[in-house]
Structure formats: C-alpha cells, structure tokens
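This briefing concerns the backbone and the surroundings of a few selected residues. Please consult the sequence and the structure shown below while reading.

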Amino acid sequence: MTALIVPSRRNFLSTTGKAGLSAAAVALLAGRPGLADAAGGDMGKDVDILNVALGLEHEAINAYQLGAGSGLLQKPVLDVAVLFQSHHKSHRDALIATIEKMGGKPVTEKSLDDYAKALNAASLKSQADVLSLAAKLELGASNAYLGVIPSFKDPALAQVAGRLAADETMHWTALSSALGRMLPAKALSFGA
Amino acid sequence: MKPASLFALIGLAALAAPIRAGDAGDAAGRGLYEARCGGCHALDADRVGPRHAGVFGRKAGSVAGFAYSPALAQSRIVWGDDTLERWLRDPEALIPGQRMNFRVSDPAERRAIVDFLRTAR
C-alpha cells in the first residue's frame, strides 16, 4: 500500500500529520498509521467509496433531525434517536477527516428540505412512522457498508466499513425492538 | 449520555415491544430491495443514488439532475437483466470509474433484486 504513495502527497501528509483530527477520527484511525498516510494510486477509488459513505451519514443525520423535530417522538425514544444521530455525526466527522487525509474532497451536506423531500418526511404521522423510516435507513446503511467491503483497496478501510456497519446494525436492532418487529429467522441475513 | 443510560432506554423500549424470534427475512422482492439497496436508493426519489422507478430499459447515467460519475454518465449501457446482474455483481468490472462500488455477492439475491427492479415503475 505505501509503495503506491505519491512522494508529493506523502510530504503533504507528513506536514499535516494528525493534528486537527476529531476525537472520532482519531478513534477511527487508531493503530492504523498506514491508513492515515495512504494516498495516491488506487486509493482514489477508496476515497470514492468513503464519499458515498459520507453521503449516507449526511442523510442519516438529517433523517434523525427530521424525526427529532417532528414532535412525534416521545421520551425515552427521542433520547435514543438523538444518541443515534450523535453516532452518525461522529461517523461523518471521521469520514471527512479520513477523506481529507487521503487528499480527497468530502461531499457536502444538502439542505434539510432536500432530505425531507427525498425521504418523504411529510408522510410521517406517528412515532412508529419515524422509527420505521429510521430502521429502514439503518438497515440499508448496514448493508451498504458491508456491500462495499470487497471493493476497498486498503484492508484497513474495509475494517473501518465493518465497524461502521456494526454501529448501524446496533441501531437497526434497537429500532426493531422498539417497533416490536421480529428478528431475522436465519443467520447471515446482512450483506449477502 | 452514559452507556448505562442507553441500555436503560433501549431496555424500556424492549419491554414495551419485545423482539420476537420469527421469519422476518423477506428474501425476495421489495423487502430485499429495501434491505440491500435502500441505504442509498429509493424508487421515486434521488438520494445518495438515483431513483430506480423505470430503471429497466433506461440508459445508464440518464436520470436528469442526478450527479453521476463521469464514467457512468458517459456509459452507453442500457439497464436490463444482464447489465443489472453484472452491475450488482461487480460494478467496477462493468463500468470502470463508477462510484457505487457496492456488490451483491449472492447470485440468488441479485436475481431477486433484478426481478423486482423489472417491475419498478
């Protein structure tokens, strides 16, 4: 992996170092100095994948914002939704830091109204509607992270995708519990 | 929020509506589409990925207003049984330079998703 590093990029990275990374990004990159310094060559493909992931996280943050602001969520569900949103914000910050570290340009967030339209937020009429939307998005995100793992050039990033998928799966499980939904009857139901 | 608080909150929700074991896995059709593709796509709205309604017979990279990769926008592929199956198996092999990179490794799942997309209007 390091053999593919472009010298000029290496110099850039060595001067920027890890200063300024968020706590989440530091955690994400912990013990992975190769990841922090990876750039150039095939890593552009990995940046593309991370940017798609960042788009997912932007959407998730806004989906929870729409839910929290809807007035439909009651405590303690509202607290859990806000907590899950904070996880997605940590994912977002870590992805942005990693993309920038690799020399990429992070995709930007759309407006809340754009997300509301794309997610048909106007159709949400109850707490169960909000939780159902959140569960659907979390399940999709979990599968999305698992489904891009084979495409990463850097196995360390593939592991990061697995960690992100685990968070989304945890969210989906809690939301499914709150909705009284059945668990999958068969093993290996994610990411086939 | 402390971890213990989260467990307490989730525990409350679980008590109100406990998880039940059962056959929740809809292995085909819409359920599978939503599980595998729903993270980024919807039928009737552009999200992280473009809308899928009417994808069969549509030229790749042709949904108006969606910001495709140059590779996809310039592709001459038309979506159908074969191209969608190959796309889901390994998008980079079909259109080098694309940005989806998501793979469905199970052939039966790919087939079921393509079958569903054929009906997505």
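A residue is called buried under 20% relative accessible area, exposed over 50%, and partly exposed in between. The model discussed here is predicted. Most residues other than glycine have a negative phi, and most peptide bonds are trans.

**A cis peptide bond in chain A**
- The peptide bond between A:Lys75 and A:Pro76 is cis, with an omega of about 5 degrees.
- A:Pro76 is part of the loop between α4 (43-69) and α5 (77-101) of chain A.

**Positive phi values**
- A:Asn120 is not a glycine, yet its phi is positive, at about 55 degrees.
- The loop between α6 (112-118) and α7 (127-148) of chain A contains A:Asn120.
- A:Asn120 counts as partly exposed because its relative accessibility is 45%.
- In chain B, B:Asn101 also is a residue other than glycine with a positive phi, near 65 degrees.
- B:Asn101 lies in the loop between α5 (91-94) and α6 (107-119) of chain B.
- The relative accessible area of B:Asn101 is 1%, so B:Asn101 is buried.

**The surroundings of B:Ala42**
- B:Ala42 belongs to the loop between α2 (29-37) and α3 (70-73) of chain B.
- With a relative accessibility of 14%, B:Ala42 is classed as buried.
- Leaving aside residues up to four places away in sequence, B:Ala42 touches B:Tyr33, B:Arg47, B:Pro50, B:Arg51 and B:His52.
- From C-alpha to C-alpha, B:Ala42 and B:Leu84 are 16 Å apart in space, and they are 42 residues apart in sequence.

Conventions. Residues numbered from 1 in each chain as written. Chains lettered and ligands numbered in written order. Predicted model: local features only at pLDDT ≥ 70, side-chain atom pairs only at ≥ 80, totals over all residues. Heavy atoms only, no water. Helix = DSSP H or I, 4+ residues; strand = E, 2+ residues; numbered from the N terminus. Buried < 20%, exposed > 50% of the residue type's maximum accessible area, 1.4 Å probe, protein only. Contact = heavy atoms within 4.5 Å.
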